[in-house]
Amino acid sequence: TVLAERVQVSEGEIGDYFAAHQAEYSSEYRYREIVVRSQPEAEDLYRRLSSNTIAFSRAAEQHSLASSARAGGDLGWLAKGTMPPEVEERIARMAPQEISPPFETAWGWTLIQLRERRQSQQPLDLQDVRDEILRYLTMERRRAVYTEYLEEVQQSYPVRFHPELDQRLQSSEFL
């Protein structure tokens, strides 16, 4: 319960986060995706895409498992809150035509290419995204609190974590 209290997120923090990320919430993104089964396949495609030996749309048509494959991976215009969280956290930092390194999603190994960014025709307000922001801030706070707690335990007791467990504790698996 002590840890749970330290993880609480206030309405003020939610509002501050929304204000600091207003540009993301007032933008729409047009991107392409490729989803494949394995990390080696995704990394091979990423190398080929990065060296321009294959076009993104062609790679999507030939290799992607996603329903967007027929359209060259194109998903059309999407706003924050309508994309998978794994995509949203990357796409807001990408430049047009940039291709992301492969990352794992529930559907498989994914690569995305930001095609364009534009001002949203229907900007979101805080109430539209409050729950999403709360989940994000709670996960971030939980990660920080657990890291602090584990450091306190290690300083107070002669405890050492196995390196693999330590790495897993830092991942999203335990959040």
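The model is predicted, so local features need pLDDT of at least 70 and side-chain atom pairs count only at pLDDT 80 or more, while totals for chains, interfaces and linings use all residues. Residues are numbered from 1 along each chain as its sequence is written, and side-chain values use heavy atoms, with hydrogens and water left out.

Helix α7 covers residues 126–156; helices here are DSSP runs of H or I with at least four residues, strands are E runs of at least two, and both are numbered from the N terminus. Its 31 residues should span 45 Å at 1.5 Å a residue, and the 42 Å between its end C-alpha atoms agrees with that (the expected span is 1.5 Å times one less than the number of residues). Still, α7 has a kink of about 30°, centred on Glu 132, where the bend is the angle between axes fitted to the seven residues ending at a residue and the seven starting there. Glu 132 is also one of the buried residues of α7, along with Val 129, Ile 133, Leu 137, Thr 138, Val 145, Leu 150 and Val 153. Buried means under 20% relative accessible area, exposed over 50% and partly exposed in between, with a 1.4 Å probe and protein chains only.

Over in strand β1 (residues 27–36) sits Ile 34, which counts as buried because its relative accessibility is 0%. Its C-alpha atom is 5.2 Å from that of Ala 60, 26 residues away along the chain. Setting aside neighbours within four places in sequence, the contacts of Ile 34 include Ala 60, Phe 56 and Trp 109 (contact means heavy atoms within 4.5 Å).

Ser 120 belongs to the loop between β4 (108–119) and α7. At 8% relative accessibility, Ser 120 counts as buried too, and beyond its neighbours within four places in sequence it touches Ser 26, Ser 27 and Glu 28.
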